Amino acid sequence: MKLAFVVAVAKNGVIGRKGALPWRLSTDLKHFRALTMGKPIVMGRRTWDSIGRPLPGRETIVVTREQKFTAAGAHVAHSIEAGLRLAEEQAKRLEADTIMIVGGSDIFAALLDNADIIHLTEVDLAPHGDVLFPPLDPAQWVAVACDVPPRAAKDEADVRFITYARRQEKLMSRLTLAQASMIVDAALARGRELKLLPLTVVVLDSGGHMVALKREDNSGIARVEIATGKAWGGLGMGFGSRELFERWQKAPMFVMGYAAASQGRMMPVPGGVLIKDASGEVIGAVGISGDTSDNDETCCVGGIEAAGLKAQKGE
Ligand SMILES: NC(=O)c1ccc[n+]([C@@H]2O[C@H](COP(=O)([O-])OP(=O)(O)OC[C@H]3O[C@@H](n4cnc5c(N)ncnc54)[C@H](OP(=O)(O)O)[C@@H]3O)[C@@H](O)[C@H]2O)c1
């Protein structure tokens, strides 16, 4: 039986305030409904209080230490282990293969080591709050899907739906499409925040294959090739393209030789940054073209760090 978390988290880690959600997001409520429908959901007593009723189409299990507690329309368990046993019975009855853990922080903290999947809604707000979700350890969790739904009229903020899976050893050195998409979107967002010229962002995997590409409107026509050349050039030598730029000043013959050997596929200027995973292994590279090389590089780093990965600009 799989355990899946469903949680909506603000940019500052806040998930709750004064016993309620600190935002109104109809898009996320629909997403929660779709993920949990037909499955058992396990929640702490305070989250039950905040909802105040059983959710239709799901079996609710409320965890409390209060022996006399009753919850109309829901099952009550007096330990998390007992809650999971009840949830498993209900899952079998419902023919569901997953138990949904829906919070709050006590329940998330107790079960994080047992979770297989985390459906995390990133909320583009930083509200005051009194309940937090911990940052996910990139050595343990990898983003495997990312979806940006359109903002509905009743949404207080933009959201992104990200699915994290627990890392398997064989995934350690693989760049996923979800990670590449997060890098591209965060890099473009950084460029807009800094009011830069239109950027083109390319993400390559460790074999130099393109995984993701986006161009802002009005990007120049050569930007894809330049951004790719920055990422590819760094990847080919095992360092960020800033180092190629520096070697060009010190040893131009070396860089010219590399340009010839690579049949012109490399661009020896900053703006190509290596992507490293938690273990320090290179899993790909980002190349950006559109503004000054230094600004392009700043956005590469912003994109990589926003995806929970490490950036290497030079040697
Ligand atoms: N953004 C989101 O995705 C999200 C999701 C869920 C909740 N929330 C928010 O988070 C807040 C509620 O979360 P919370 O962290 O304060 O509380 P909670 O985790 O929902 O509930 C805590 C309660 O669960 C019971 N409990 C915890 N561990 C237990 C154990 N080992 N054995 C038996 N019972 C146990 C206790 O109930 P008793 O005190 O009755 O013994 C405890 O007081 C609200 O603001 C809510 O809106 C946000």
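In helix α6, the buried residues are Arg223, Ile226, Ala227, Thr228, Gly229, Lys230, Ala231, Trp232, Gly233, Gly234, Leu235 and Met237. A residue is termed buried if 20 or more other C-beta atoms lie within 10 Å of its own, exposed if 12 or fewer do, and partly exposed in between, with C-beta atoms placed from the backbone. Helices (H or I, at least four residues) and strands (E, at least two) are DSSP runs, numbered from the N terminus. The structure is a predicted model, in which local features need pLDDT of at least 70 and side-chain atom pairs count only at pLDDT 80 or more, whereas totals for chains, interfaces and linings use all residues. Residues are numbered from 1 along each chain as its sequence is written.

Because 12 of the 15 residues of α6 are buried, this helix is largely enclosed by the rest of the structure. The cover over its buried residues includes β11 (200-205), β12 (210-215), α7 (241-250), β13 (272-276) and β14 (282-289); contact here requires that the C-beta atoms of two residues, placed from the backbone, lie within 7 Å. The end C-alpha atoms of α6 (residues 223-237) are 22 Å apart, which agrees with the 21 Å that its 15 residues should span at 1.5 Å a residue. The expected span is 1.5 Å times one less than the number of residues in the helix. Just after α6, Gly238 adopts a positive phi of about 80 degrees.

Several of the covering strands belong to an open sheet of five strands, arranged in the order β12-β11-β14-β13-β15 with antiparallel pairing. At its edges are β12 and β15 (310-312), each of which pairs on one side only. Neighbouring strands of the sheet are turned against each other by 20 degrees on average, direction ignored. Two strands are taken to pair if DSSP finds at least two bridges between them. Strands of a sheet pair through backbone hydrogen bonds, either parallel or antiparallel. Between the antiparallel strands β11 and β14 there are six bridges, and Asp205 has Gly284 of β14 as its bridge partner.

Two helices lie across strands of this sheet. Helix α9 (residues 293-306) lies across β11, β13, β14 and β15, at about 140 degrees to β14. For these angles, axes are lines fitted to C-alpha atoms, for helices over the stretch in contact, and values run from 0 to 180 degrees between N-to-C directions. The 14 residues of α9 should span 20 Å at 1.5 Å a residue, and its end C-alpha atoms are 20 Å apart, which agrees. Buried residues of α9 include Asp296, Glu297, Cys299, Cys300 and Ile304, and among the elements that cover its buried residues are α5, α7 and β15. After α9 comes Gly308, with a positive phi near 75 degrees.

The ligand is surrounded by 29 residues, of which the closest are Gly16, Gly44, Thr47, Gly103 and Gly104. A residue is assigned to this shell if its C-beta atom, placed from the backbone, lies within 6 Å of the molecule. At least two shell residues come from each of β1 (2-10), β2 (14-16), β3 (40-44), α2 (45-51) and α4 (105-111). By class, the shell comprises 13 nonpolar, 11 polar and five charged residues; Ala, Val, Leu, Ile, Met, Phe, Trp, Tyr, Cys and Pro count as nonpolar, Asp, Glu, Lys and Arg as charged, and the others, Gly among them, as polar.

Most residues other than glycine have a negative phi, and most peptide bonds are trans. The peptide bond from Gly103 to Gly104 is cis, with omega near 0 degrees, and Gly104 lies in the loop between β6 (98-101) and α4. Glu95, in the loop between α3 (80-94) and β6, has a positive phi near 60 degrees. This residue is exposed, with 8 other C-beta atoms within 10 Å. Gln263 likewise has a positive phi, about 55 degrees, and is found in the loop between α8 (252-261) and β13. With 7 C-beta neighbours inside 10 Å, Gln263 also counts as exposed.

Overall, the protein contains nine helices and 15 strands, and 41% of its 315 residues count as buried.
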